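Reader: I have the sequence and the model open. Can you walk me through how to read a few features?

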Amino acid sequence: MWLWFSKLGSPRWFYELSGKWLPWLYAAMALLLLVGLTWALLFVPEDYQQGHTIRIMYVHVPVASISLACFPLMAIAGAITLVWKMKLADMVAKCVAPIGLWFTGLALATGAIWGEPIWGTWWAWDARLTSMLIQFFLFVGVIALRSAIESPDAAAKACAVLAIVGAINVPIIKYSVEWWNTLHQPASNFSMESTAPNPPEIWVPLVIMIVAVYLLFVISLLLRTRNEILTRERRSQWVTDLIARSQV
Amino acid sequence: MQVLGSNGSGKTTLLRIICGLNDSYEGDILWRGIPVTAQRETFLAALLYIGHRVGVNRILTPRENLRWSASLHTPVDDLRIEAALARVGLKAFEDVPCRNLSAGQNQRVSLARLLISPATLWILDEPFTTLDVYGVRELELLLAEHIAGGGSALVTTHHRLNVPCAVERLNLDGVEQPL
Amino acid sequence: MSIAPSPEVSTWGAFVATLRRDLLVAFKRRNDLLNPIMFFLIVVTLFPLGVSPDPLELTRISAGVVWVSALLASMLSLDNLYRADYEDGSLEQLLLSPQPLFFLVLAKNIAHWLISGLPVVVLSPLLAYMLYLPEEAYWTLVLTLLIGTPVLSLFGSIGVALTVGLGSRGLILAVIVLPLTMPVLIIGAKAVTDVMFGLPVGSHFALLGAMLAVALSIAPLASAAALRISVN
């Protein structure tokens, strides 16, 4: 177990292994995305209330669920950086931040697009949207801190501390925003859970889309991390060899 | 022990690493045979560090500064603070805000800390830079007393230490320069 | 070690000495002491000017305005928290104390709150009056600020500790800290508004109290870690 763990910490090992995984991930994602999108956009029956609008759910829900996973992931990577000083963990933490920001932004955008026909407005201070927005700010803070600190080592640790503090705050924010919102305007509290008891032709494509978008997330994280590895290890022998080989 | 080396050779970094202010190093730092990471409090209690930035608040007076510094380690009474300030030549300046004192006088305030601290290991980063000739003499005397009393000191400086005891020299450039 | 005083006594001693030192520094710079309060006053003044002087309208937003202004005032006064100590080397001395850094950081945070948070709390009824806050909400406003502003200082301290070593900080401190403080704002302002509508606010206070407890136990730890990183 320990051996495996320290091996995982080696950027080179990670680079080579992820290189082997990537083609499979690409293939799986392409397949699932194709099936999921076709199914969701063309074959899913119209919602009796929302009509075609319901189809945006197949993008919004996967994107939102990933953006919620990004902050804990960043905090865990940060904790590993602080405790074991593992370089790879910091590279992951650094790379997940902009992806998290993007997915949070996408969740907000798709939420707004969905909200327009349903609520009649692009923006409502709905509990989910509001806590998403605050999470968006948290990501911006981590990224701003990372770019403000010159020393990569200090930046890694500082961002790890901020990510952990932020991750502790995320549930508090979520809870307090929901609590604030339900008292303010319970009407707009549009519930996503209502999709659960729906017939399979509604939720099966949703599950497919969730898996597909998760794969998209994993792939972008891997690609970014691989880039980061090459940048940081550019002076090491194996990277030099790699570049020499690719130029032949 | 005197640490030598040209500008940028890592004297300050070395001292900060030993103190534990900088953790980007590999290897172990032992204090009395035990790694400092395993006995952080004991080590810190025995350590007194004065860096480039002397740790003197410019709004407070020397007396107030010393009172706070002492309380972080071992609190001492005002009489000892006054005695220490008198010893470093700041008699009658005890209650003047430090921003009204010269750089050398501020350095002396930080050196007065050496007199009120029970620390056995002194780590001083360029303590001589702003001192005048008398100040340098005085600090050398302090160092000599400290060593004679069984303490040890780690000092970075370019100048030749004039102390009546053996000085170990560590040159970070690797070459012995004539002093 | 020749002199080894009992650690409990000197931890308390170091705590009190640090608290006293920071207060002393603040009182020797009286102008700086007034700035957060003046800022608070000015921001509150902006709202009637920008929104409307209409009493009904102001009553409706009064709780939020006072809370947002308190939040901003606390944010603006944060910069002094570790800045001077970082520049003159006192921070290194603080980190090299054999006493636990948790309590020393806590002492500095409490000093910061006494300087910047408490005056805001004391002044808040006056501003509440100017914004036509109903009388029955005064005590709630003061109490929520009393519990909430220390949380602002504690969370703010983390942000300052993370950014104290940066050459040009600009607005990064606010970008980092403000999102962390939003739950406090939500609950604090909500409690005051709910009292105005005659709703019970016991749970609001319980939540604020819980936040203060969490902040007290976690924030100094994070600040201490952040200071070590910044000094490194």
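Reader: Is Val25(C) buried or exposed?

Author: The rule counts neighbours: a residue is buried if 20 or more other C-beta atoms lie within 10 Å of its own, exposed if 12 or fewer, and partly exposed in between, with C-beta atoms placed from the backbone. Val25(C) has 22 other C-beta atoms within 10 Å, so Val25(C) is buried. Keep in mind that this is a predicted model, where local features need pLDDT of at least 70, side-chain atom pairs count only at pLDDT 80 or more, and totals for chains, interfaces and linings use all residues. Residues are numbered from 1 along each chain as its sequence is written, and chains are lettered from A and ligands numbered from 1 in the order in which they are written.

Reader: Where is Val25(C) placed, and which residues is Val25(C) in contact with, leaving aside its neighbours within four places in sequence?

Author: Helices (H or I, at least four residues) and strands (E, at least two) are DSSP runs, numbered from the N terminus; Val25(C) sits in helix α1 of chain C. Two residues are in contact if their C-beta atoms, placed from the backbone, lie within 7 Å. Setting aside neighbours within four places in sequence, Val25(C) is in contact with Asn57(B), Ile59(B) and Leu60(B).

Reader: How many residues does the contact take from chain C and from chain B?

Author: Chain C gives 28 residues and chain B gives 29 residues. On the chain C side, α1 (7-28), α4 (80-88) and α5 (90-95) each supply at least two residues. For classes, Ala, Val, Leu, Ile, Met, Phe, Trp, Tyr, Cys and Pro count as nonpolar, Asp, Glu, Lys and Arg as charged, and the others, Gly among them, as polar. The side of chain C that touches chain B then has 13 nonpolar, nine polar and six charged residues.

Reader: How many helices and strands does chain C have?

Author: Nine helices and zero strands. Along its principal axes, the C-alpha trace of chain C spans about 70 × 35 × 30 Å. Of its 232 residues, 53% count as buried.

Reader: Now helix packing. At roughly what angle do the axes of α2 and α7 of chain A cross?

Author: Two packed helices are described by the angle between their axes and the distance between the axes. Axes are lines fitted to C-alpha atoms, for helices over the stretch in contact, and angles run from 0 to 180 degrees between N-to-C directions. For α2 (residues 11-43) and α7 (residues 200-232) of chain A, the axes come within 8 Å and cross at roughly 150 degrees. That makes α2(A) roughly antiparallel to α7(A) (angles under 35 degrees count as roughly parallel, over 145 as roughly antiparallel, 65 to 115 as roughly perpendicular and the rest as oblique). The residues of this contact divide into 24 nonpolar, two polar and one charged.

Reader: What about Tyr132(C) and its phi?

Author: Tyr132(C) has a positive phi of about 60 degrees although it is not a glycine. Tyr132(C) lies in the loop between α6 (101-130) and α7 (138-163) of chain C, and counts as partly exposed, with 16 C-beta neighbours inside 10 Å.
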